[in-house]
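Okay, thanks for making time, everyone. I'd like to walk you through a model I've been looking at, so let me put it up on the screen.

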Amino acid sequence: MLLACASITSLAAQRATGPAWARGAVCYEVFVRSFYDSDGDGIGDLNGLIEKLDYIAKLGASCIWLMPVAKSPSYHGYDVSDYYRVEPAYGTNDDFKRLVAGAHRRRIKVLVDMVLNHSSSEHPYFQAALHDTTSPYRAWYRFAPAPLGKGPHGGDDWHRSPVRDEYYYGVFWSGMPDLNYQTPAVRDEAKKIATFWLRDLGADGFRLDAVPYLVEEGTCLMGCPGTHAFLHEYAAHIDSVKPGAYTVGEAWGNIDEMMPYYPDQLTSYFGFELADSLLSAVRTGSAAGLLTGFVRLQDTLPAYRWSPFLSNHDQTRVLTALGGGVTRAKQAATLLLTLPGLPFIYYGEEIGMTGDKPDPRLRTPMQWSPRAGVGFTTGTPWEAPQPDSMAVNVALEDTDPGSLLNLYRKLITTRWRRVHWYRSQPAALRSLPTCAGRAITWCSWSRIWAPPRLPACRSVPERECYRPAGTRRAISLAVRTAALCRSTLTAESGSMSRWRRSDLGRASSLTFASELAARPCP
């Protein structure tokens, strides 16, 4: 079923390969303010991140996504006041270039959070529009003499001007006025900013914030046709500036709401429905519904074009969401990192950091060691560390073979090695069946699954070696073999007694099946 040939050309067939670095890759989300402080002022900075690149490389991440690093009046950076300057508390544009160079030496790509939907209310362009009705920047924002109804979620998103009797539109907050993408100059400026970060500063791509809200058309306030048209235009521009640059979009919602953003807009989008299903499966101990979203995306798209995750900077941290307990966190990590897609990990998730709303408590300093300032700073941290930071930190977990941190390292490394070892094998081993009628001797399957030095796989007994005539039968054996191959890792993640072996086998086999599903039928 997973590898059945479709009668129509799939998106997977159109863009099956993707960038080489994305094969078997895992990306790591970093909040620079909270990662590592190099100068003792209590605020993380780019030089601190540079010092910790070896940690990220040892984790096995192939790319980092930086939450906003452009100049902003807010701690989180999602209201940008200067798109061409790094936030001074983080460093300089030259520091960013050094970060990119250091990351590239370690074969790590750098994605920058790009906030296109809105600017800061302190941005000079908005201030000009606010104070001068004849300003050319007036058309860069949306003004009205009275509110034009509610926002897309029923809120009061028209905000009263502090200057005159009028209102301006800001879907998230009065401090974040929405840009008007029906104005050609705004679209041109967005492309100019992208060019600057890609060409001048060396970034490898972007995470695009809040993409459904870019264009408003009449009563349509999110996911409008104009938004899709602009994203198509924007993606084409990025590809012309830096071919192969990677973009991943934030489009909250289920898979039905996510699919209209394909095939030719951004590279990838976050799988919010997948995150919900992963956490639900671990929380309840039932795999019911776990694979539905994964199978649907796998049947439609190559793995690098969709991004599963467990949590991000806007959501309750994994350990807190699962009710505490490292065992559950290990189960969640094992599922995330053995299923297909290009997964993202939120900083601190790999050591079991906790945190719940309000937002600053989701973004607390990285817990490096059990001492004052948790190894994050020699000064006073901008936000107090979590109460359990003396017991949950990198220093303690680094030397513990059974720690959550070392499980993450093992899973990420295994994921990458498996894909690249498989691709290094002779064509005879790589020509596995993707369509009915293609035959293979499946007794070689266990050796294909397990790279060298991974003892988890046993050999398939001789009696199970045969040439299946069709995909369905091949999948049946692949499922059984995958279940055997993953048994060691699942055992390390704690008791899974409430899970049926068949569920574990199906989940694990998707990792291998995703490699095959991405290829077109001959």
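Predicted model: local features only at pLDDT ≥ 70, side-chain atom pairs only at ≥ 80, totals over all residues.

Let's start with helix α8. Its buried residues are Gly226, Thr227, His228, Phe230, Leu231, Tyr234, Ala235, His237, Ile238 and Val241. And what do the buried residues of α8 pack against? They sit against β5 (109-114), α7 (184-200), β9 (205-208), β10 (246-249) and β11 (268-269).

The mean pLDDT of the chain is 83, with 77% of the residues at 70 or more. Residues 1-14 fall below 50, though that stretch has 34 contacts beyond near neighbours in sequence. Residues 428-522 are also below 50, with 187 such contacts in the model.

On to the core. The largest nonpolar core has 130 residues, and Tyr28, Phe96 and Trp197 have the most contacts inside it. Take Phe96: leaving out neighbours within four places in sequence, its contacts include Leu46, Val86, Val112, Trp197 and Leu201. Apart from that core there's another one, of eight residues, including Ala144, Tyr167, Val171 and Tyr213.

Last stop, a helix pair. The axes of α10 (residues 272-284) and α11 (residues 292-300) come within 9 Å and cross at roughly 145 degrees. From α10, Glu273, Leu274, Ser277 and Leu278 meet Gly293, Phe294 and Leu297 of α11. By type, that's four nonpolar, two polar and one charged.

How values were computed: Residues numbered from 1 in each chain as written. Heavy atoms only, no water. Core = buried A, V, L, I, M, F, W, Y, C linked by side-chain atoms within 4.5 Å. Buried < 20%, exposed > 50% of the residue type's maximum accessible area, 1.4 Å probe, protein only. Contact = heavy atoms within 4.5 Å. Helix = DSSP H or I, 4+ residues; strand = E, 2+ residues; numbered from the N terminus. pLDDT = per-residue confidence, 0-100. Axes fitted to C-alpha atoms, helices over the stretch in contact; angles between N-to-C directions. Nonpolar A, V, L, I, M, F, W, Y, C, P; charged D, E, K, R; others polar.
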